[in-house]
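Hi,

Here is the structure I promised to pass on. Have a look, and my notes follow below.

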Amino acid sequence: MISHGNGIFEIRLPLPFPRLKWVNSFVIASPDGLVLIDCGVDSEESWAALTEGIKAIGHVVQDITRLIGTHLHVDHIGMAPRLVEASGAQFLMHRNAASGIEEYNDWSLRSSVQEKLALRHGAPSEQAKEIHHSLKRPPWAPPVHPPTDLLLDSDRIVVDANRGLEVLHTPGHDPAHICLVDSKTNALFSGDHVLPRITPVVQYDDQEDRLGIYIASLQRIEKLGLKTTYPAHGTTIESGQSRARQIVMHHNQRLDAIVQKLRRGPATGWEIMEGIFRTDLPPVQKRLAFSETMAHVSHLEHRSQVTTFLEKEKILFGLSPNDSSHD
Ligand SMILES: [Zn+2]
Ligand SMILES: [Zn+2]
């Protein structure tokens, strides 16, 4: 347990992922009980770390009265069912979580959608199958119940008479993603929206320009000029504002790399992915790399820099004839 002062505590909960070692769960004490931001996956190790962390603050799990999920990903709300049952806490998430929860709970639907998408965009059938099989529900990801309270942008979660957590809806990494600004310290709880060193995955969606939405959400954080930022992974960020700017630059560089590749000729989504990511990634990471690549290509398409055409039942991407971007 780490105390950040001003009644803000951080508990690191172990994750069963090779690259992400832990998720930060933040605790703020209020006269009505503890407010918890994110709760990790439902494993025995994570539960033990949470209960020990709460004990170190001088409380028990039953003192948690509100659990806020920053977004609908298993490393943030996987333990929500167990925690809500043990504590009777309210479960607060952005309103978009209500419509996303069915997909969150249905892993088989997600895996077949991703397999079909990979095939349509040029993945060899073996690799598309691996993608399908990489999405199996693990025991630490039980189905979750809908939130008890739905949040909207600029809602204020009251901590005490002089303190509140202001909700910032920051979609992109997930449509239900929120950040929270602590009115007492002006610190930002950034969930996965702004992370140190790594950037969160932005996944492809055939309905909307997820990367464009994500970049707009980052620019919002940048404009607010927030400094001390508590991310859900890694350690405290000195300036959320600068980090948000860096992440925008990272995505612009990746967009440039895709445009450069397409200057040499049209390519499938899979080929583009293999041109910008390592080719020896394990299936889980390959699925994310592919989805992220597609989100970038889709953004270029929304900006009319890229067009699609069909060749032998495969979708190819090429630069628009009117593409006016130059080196
Ligand atoms: Zn996430
Ligand atoms: Zn995460």
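**Notes on the model**

Strands β3 and β4 are joined by a hairpin through two residues. Before I go on, the housekeeping: this is a predicted model, where local features need pLDDT of at least 70 and side-chain atom pairs count only at pLDDT 80 or more, while totals for chains, interfaces and linings use all residues. Residues are numbered from 1 along each chain as its sequence is written, chains are lettered from A and ligands numbered from 1 in the order in which they are written, and side-chain values use heavy atoms, with hydrogens and water left out.

Helices (H or I, at least four residues) and strands (E, at least two) are DSSP runs, numbered from the N terminus, and two strands pair if DSSP finds at least two bridges between them. β3 (residues 22–30) and β4 (residues 33–37) are antiparallel, with five bridges, and Ala29 has Leu34 in β4 as its bridge partner. Seven of the nine residues of β3 are buried (buried means under 20% relative accessible area, exposed over 50%, partly exposed in between, with a 1.4 Å probe and protein chains only).

Further along there is an open sheet of five strands, ordered β8-β9-β10-β11-β12, with mixed pairing. β8 (156–160) and β12 (229–231) are at the edges with a single partner strand each, so one side of each has no neighbour in the sheet. On average, neighbouring strands here are turned by 20° against each other, direction ignored (axes are lines fitted to C-alpha atoms, for helices over the stretch in contact, and angles run from 0 to 180 degrees between N-to-C directions). Within the sheet, β9 (residues 163–169) and β10 (residues 178–182) run antiparallel over five bridges, and Leu168 sits opposite Cys179.

Now the metals. Donors are N, O and S atoms within 2.8 Å of the metal (3.2 Å for Na, K and Ca); water is not among the atoms, so sites may look incomplete. The zinc ion (ligand 1) has His71 (NE2), His73 (ND1), His173 (NE2) and Asp192 (OD) as protein donors, at 2.1 to 2.3 Å. Angles among its four donor atoms span 92 to 172°, and the site is irregular. For the cut-offs: four donors count as tetrahedral if all angles lie between 85 and 135 degrees; four count as square planar and six as octahedral if opposite donors are over 155 degrees apart and all others between 65 and 115; anything else is irregular. Along the chain, the donors of ligand 1 follow H-x1-H-x99-H-x18-D. Distant parts of the chain are linked here: His73 is in the loop between β5 (64–68) and α2 (74–77), and His173, 100 residues apart from it, is in the loop between β9 and β10. His173 counts as buried because its relative accessibility is 9%.

What about the zinc ion (ligand 2)? Its donors are Asp75 (OD), His76 (NE2), Asp192 (OD), Asp192 (OD) and His233 (NE2), at 2.1 to 2.8 Å. The donor residues are spaced D-H-x115-D-x40-H in sequence, and Asp75 and His76 are both buried. The two zinc ions, ligand 2 and ligand 1, are 3.5 Å apart, and Asp192 coordinates both.

Cheers
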